[in-house]
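Subject: Structure handover

Hi,

Here is the structure I promised you. Please open it alongside this email, and my notes follow below.

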Amino acid sequence: GCESAILGARQTPHVFLAAYRSFTSTHRNSIMSRAAAVTFKGNPLTLAGEAVQVGKPAPDFKLAYYEGGLKEVTPADFRGKPTVISVVPSLDTPVCQIQTKKFNEELGGLGDKINAVTVSVDLPFAMNRFCGAENIKNLKSLSDYKDRNFGKNWGMLIEELQLLARGTFVLGERTYPAGTPTGPSTTVKARASTVKCHGARG
């Protein structure tokens with residue numbers, strides 16, 4: 001792959017270009033896709049990545065949020081408490097707003113006993129403004145805008161729209177063998193079935 005591309009560069013430009021295209025094509029194809037996994041306006045759409053399995057270690061991610069500046073969150077930041085992840089296509093649509101407000105209301109009684117977040121590909125600044133205007137205090141808004149790594153790793157990225165599908169994940173804690181001895185790691189305890197994206201309302 002990479003070695004072939006480097007060797008190609010030592011030959012001629014067209015050989016290098018062919019090697020590069022071969023490498024990038026192979027890399028793209030390594031990401032599993034699930035056709036017709038969700039629908040939008042009645043049209044079947046494809047989700048990138050494999051579906052997250054209950055009981056398995058939570059896939060990795062880096063999500064951004066705005067709090068006096070841009071900051072990042074990873075699964076390691078959720079250790080020590082159960083975590084609820086509400087995933088929506090966009091907070092700029094009515095259904096996603098209702099979902100986020102409902103989670104904020106329902107989870108409020110649990111206080112600091114859990115982590116609760118909402119994830120979309122909206123810009124962190126826009127998510128922060130929405131949560132401030134709607135008094136969303138029981139959910140942290142996290143953005144997958146940079147490279148859709150959450151969507152790809154968690155099997156929630158709609159390839160045709162580059163938006164996240166709607167869904168909910170519940171994470172718990174357990175110790176499991178990992179590549180390095182990092183101790184307790186976040187594990188997927190449950191997930192709601194990914195629901196269909198109804199119309200243009202998100």
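Start with Y66, which sits in strand β3. Keep in mind that this is a predicted model. Is Y66 buried, partly exposed or exposed? Its relative accessibility is 34%, so Y66 counts as partly exposed: the cut-offs are under 20% for buried and over 50% for exposed.

Y66 also belongs to a nonpolar patch on the surface.

Now the interior. In soluble globular proteins, nonpolar side chains tend to be buried together. Here, the largest nonpolar core has 26 residues. Which of them touch the most other members? They are I85, V119, L142, F150 and W154. Several strands each supply at least two residues of this core: β2 (43–48), β3 (63–66), β5 (83–87), β6 (115–120), β8 (157–158) and β10 (167–174). The top contributor is β2, with three residues.

Last, have a look at β6 and its partner. Strand β7 covers residues 140–143 and runs parallel to β6. Four bridges join the two strands. At one of these positions, V117 has K140 of β7 as its bridge partner.

Send me any questions once you have been through it.

Best wishes

Key:
Residues numbered from 1 in each chain as written. Predicted model: local features only at pLDDT ≥ 70, side-chain atom pairs only at ≥ 80, totals over all residues. Heavy atoms only, no water. Core = buried A, V, L, I, M, F, W, Y, C linked by side-chain atoms within 4.5 Å. Buried < 20%, exposed > 50% of the residue type's maximum accessible area, 1.4 Å probe, protein only. Patch = residues over 30% accessible without salt bridge, like charges linked within 9 Å, V, L, I, M, F, W, Y side chains within 5 Å. Areas by Shrake-Rupley, 256 points an atom, 1.4 Å probe, with all protein chains shown as cover. Salt bridge = Lys/Arg side-chain N within 4 Å of Asp/Glu carboxyl O. Pairing = 2+ DSSP bridges.
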